[in-house]
Amino acid sequence: NIDNKQTKTRKEWILKERSGYGSHGNTIASTDDLLKMYDPSKITEPILCQRIVDPPLLIDGRKFSLRIYVIYFPGGKMVVGEDEKRLDAEIYVSNEGLVKYASASYIGDIANSNGDLLD
């Protein structure tokens, strides 16, 4: 069944607002939805974009997440005096990050009975 295969290979992401805490301010989006929502000219605040791993990796029966910080500089033109130079896009990955462990053991669903996302 093609629909079933597409569902299994479809990647989903959690978008987390900077001011959010716990699961507040989180949005789940597919890759296609994410690309439609992303307009660099309209982004005013940083957003954390984290891929949902299914089935999740567990440490001692608890979910965890790795925060890896990345800065993206799009390519463009640099003009110095009368000289113009084309710049390639650049991506920098921080050598520091964060490991976050869930406070409760994983039961098998990404949402609790209230529909809140569980980290």
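**Chatting through the strands and loops**

Trainee: Quick one to start: is Val-93 buried or exposed?
Mentor: Val-93 is exposed, with a relative accessible area of 55%. The cut-off for calling a residue exposed is over 50%. Keep in mind that this is a predicted model.

Trainee: And where is Val-93 found?
Mentor: In strand β8.

Trainee: Which residues form the nonpolar patch on the surface?
Mentor: Val-93 is one of them, and the others are Ile-59, Leu-66, Ile-68, Val-70, Tyr-72, Ile-91, Val-99 and Tyr-101. Together they have about 900 Å² of accessible area.

Trainee: Which elements give two or more residues to that patch?
Mentor: β5 and β8 do.

Trainee: OK, zoom out for me. How many helices and strands does the protein have?
Mentor: Two helices and eight strands. Going from the N terminus, the order is α-β-β-α-β-β-β-β-β-β.

Trainee: How much of the protein is made up of buried residues?
Mentor: Buried residues are 15% of the 119 residues. The accessible surface of the protein is about 10100 Å², and carbon and sulfur atoms account for 53% of that surface.

Trainee: What about contacts in the protein between residues 24 or more positions apart?
Mentor: If you take the contacts with a separation of 6 or more, 49% of them are between residues 24 or more positions apart.

Trainee: Back to β5 and β8. What order do the strands take in the open sheet?
Mentor: The order is β4-β5-β8, three strands with antiparallel pairing. β4 and β8 (90-101) are the edge strands with a single partner strand each, so each has one side left without a neighbour in the sheet.

Trainee: How many bridges hold β4 and β5 as a pair?
Mentor: Two, in the antiparallel sense. Within that pairing, Ile-59 stands opposite Arg-62 in β5. You've met Ile-59 already, as a member of the nonpolar patch.

Trainee: What lies in the loop between β4 and β5?
Mentor: Asp-60 does, with β5 covering residues 62-73. Its phi is near 50 degrees, which is positive even though the residue is not glycine. Most residues other than glycine have a negative phi.

Trainee: Is Asp-60 buried or exposed?
Mentor: Asp-60 is exposed, at a relative accessible area of 75%.

Trainee: Which peptide bond is cis?
Mentor: The one from Asp-54 to Pro-55 is cis, with omega near 0 degrees. Most peptide bonds are trans. Pro-55 sits in the loop between β3 (47-51) and β4 (58-59).

Trainee: What else does Gln-50 touch?
Mentor: Leaving out residues up to four places away in sequence, Gln-50 touches Lys-16 along with Glu-12, Trp-13, Ile-14, Ser-65 and Arg-67.

Trainee: New topic: which way do β6 and β7 run?
Mentor: Antiparallel, with five bridges between β6 (residues 76-80) and β7 (residues 83-87). Those two strands make a hairpin that has two residues between them. In the turn, Gly-81 has a positive phi of about 65 degrees.

Trainee: Which residue does Val-79 stand opposite?
Mentor: Glu-84 in β7.

Trainee: Where is Arg-86, and what does it touch?
Mentor: Arg-86 is in strand β7. With residues up to four places away in sequence set aside, Arg-86 touches Gly-76 and Lys-77. There's also Gly-75, eleven residues away along the chain, with 7.5 Å between its C-alpha atom and that of Arg-86.

Trainee: Buried or exposed, that Arg-86?
Mentor: Exposed, with 62% relative accessibility.

Trainee: Last one: what about Gly-108?
Mentor: Gly-108 is in the segment after β8, and it is partly exposed at a relative accessible area of 49%.

Methods:
Residues numbered from 1 in each chain as written. Predicted model: local features only at pLDDT ≥ 70, side-chain atom pairs only at ≥ 80, totals over all residues. Heavy atoms only, no water. Helix = DSSP H or I, 4+ residues; strand = E, 2+ residues; numbered from the N terminus. Buried < 20%, exposed > 50% of the residue type's maximum accessible area, 1.4 Å probe, protein only. Pairing = 2+ DSSP bridges. Contact = heavy atoms within 4.5 Å. Patch = residues over 30% accessible without salt bridge, like charges linked within 9 Å, V, L, I, M, F, W, Y side chains within 5 Å. Areas by Shrake-Rupley, 256 points an atom, 1.4 Å probe, with all protein chains shown as cover. Salt bridge = Lys/Arg side-chain N within 4 Å of Asp/Glu carboxyl O.
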